[in-house]
Amino acid sequence: MLIDGYGRKHDYLRVSVTERCNFRCQYCMPEKPFSWVPKENLLSYEELFKFIKVSIDEGIKKVRITGGEPLLREQLDVFLKMIFDYKNDIDLALTTNAFLLKGAALRLKEAGLKRINISLDSMQEDIAAKIAQKNVLPKVLEGIEEAKKVGLKIKINCVPIKGINDDIMEVFDYCKDNKFPVRFIEFMENHHAKKEAKGLTSDEILDRVSKKYKIIRKVPRDTSSPAQYYEIEGGYEFGIIEPHKDDFCAACNRIRLTAEGHLIPCLYFEDAMSIKDAIKNDDVDKAVEILRTVLKNKPEKNKWSVKDDNEVSSRAFYQTGG
Ligand code: SAM
Ligand code: SF4
């Protein structure tokens, strides 16, 4: 079992397979082109898989593949199948922007994928294009349709930014009509995002929803989820992820592996250790030691609740996978 220095049990590994992305979301990455990590610096699927096996043997029960945009890396279905074949009761999930999903959904499902989280920031083509800095909505919606058709369990993520996509009710109604749980995520300030970006707070999100629907209860919290869910009249449940509140970290059960092999204990901080050499040398004991050290050093809380501009996180979401 994997326990950190604050007694939190960890059973969830998020694996970023690439930092590259076909979007430039204002809240995630800089608009101007910059140089990517050279492809030869990335761990191969076989190498990532070696570490995933070590982690599963140590107690990881859920693996989520993310990025950058994970569907940009070729043969992702082959990688998923490697994990699924190793442990077919693993909770195998993917987070994607869905732009390339239409052609991939069936293969991913057949490889063992069960659940998929999809980013959808607006139902208006021009607003979605403003956020992603590219016209994305038609292909994203096609991708979602296909994922639904092949039977993947879908959740939607939406990051509402003030003055851009803060009119969240169209996304809400689309998700409600399709029975997809939507999670509105408070924008987490970071050095890579557009400087002027300001996110809607959880209170502002609740206020917008309650103008249209009666919220009948706060759903008792599932401690392994970062989201607080609410139920509206009629039974539909939606979630809010509030990193600016302290309780966000209390039940944190996750660690993150980047495509270059950095093992990251917390989304906010720069701390990380590399598992690259251990994996390339087939040194399982060393990999386990690094995993345990990263957990031991995991901080108690992020600092998004600290209202100080000097405290903005320098971690890049497109590298950690969010
Ligand atoms: N490209 C995929 C996608 O967008 O779903 C996967 C990677 S993305 C980094 C994972 C999640 O992080 C997305 O749901 C995205 O909305 C979220 N995210 C990125 N930057 C964020 C920020 N600054 N604050 C809150 N959520 C953020
Ligand atoms: Fe790409 Fe996802 Fe970041 Fe948007 S949030 S830029 S889709 S990695």
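Trainee: Is K211 buried or exposed?

Mentor: This is a predicted model, and each value is computed from it. K211 has a relative accessibility of 66%, so K211 counts as exposed.

Trainee: Which residue meets K211 in a salt bridge?

Mentor: The general idea is that side chains of opposite charge can pair when their charged atoms come close. Here the side chain of K211 meets that of D207, with an N to O distance of 3.0 Å. Both residues belong to helix α7 (residues 202–212), where they are four residues apart, about one turn of the helix. D207 is partly exposed, at a relative accessible area of 37%.

Trainee: Where in the chain do E237 and R217 lie?

Mentor: The side chains of E237 and R217 form a salt bridge at 3.6 Å, N to O. This pair links distant parts of the chain, 20 residues apart: E237 is in strand β11 (residues 237–241), and R217 is in strand β9 (residues 215–218). E237 is partly exposed at 29% relative accessibility, and R217 is partly exposed at 37%.

Trainee: Which residues are linked with R217 in a network of salt bridges?

Mentor: The network joins R217 with E231 and E237.

Trainee: Is E242 buried or exposed?

Mentor: Buried means under 20% relative accessible area. E242 has 9% relative accessibility, so E242 counts as buried. Its salt-bridge partner is K245, with the closest N and O atoms 2.7 Å apart. K245 is partly exposed, at 41% relative accessibility.

Trainee: How many salt bridges are counted?

Mentor: The count comes to 17 salt bridges.

Notes:
Residues are numbered from 1 along each chain as its sequence is written. Chains are lettered from A and ligands numbered from 1 in the order in which they are written. This is a predicted model: local features need pLDDT of at least 70, side-chain atom pairs count only at pLDDT 80 or more; totals for chains, interfaces and linings use all residues. Side-chain values use heavy atoms; hydrogens and water are left out. A salt bridge is a side-chain nitrogen of Lys or Arg within 4 Å of a carboxyl oxygen of Asp or Glu. Helices (H or I, at least four residues) and strands (E, at least two) are DSSP runs, numbered from the N terminus. Buried means under 20% relative accessible area, exposed over 50%, partly exposed in between (1.4 Å probe, protein chains only).
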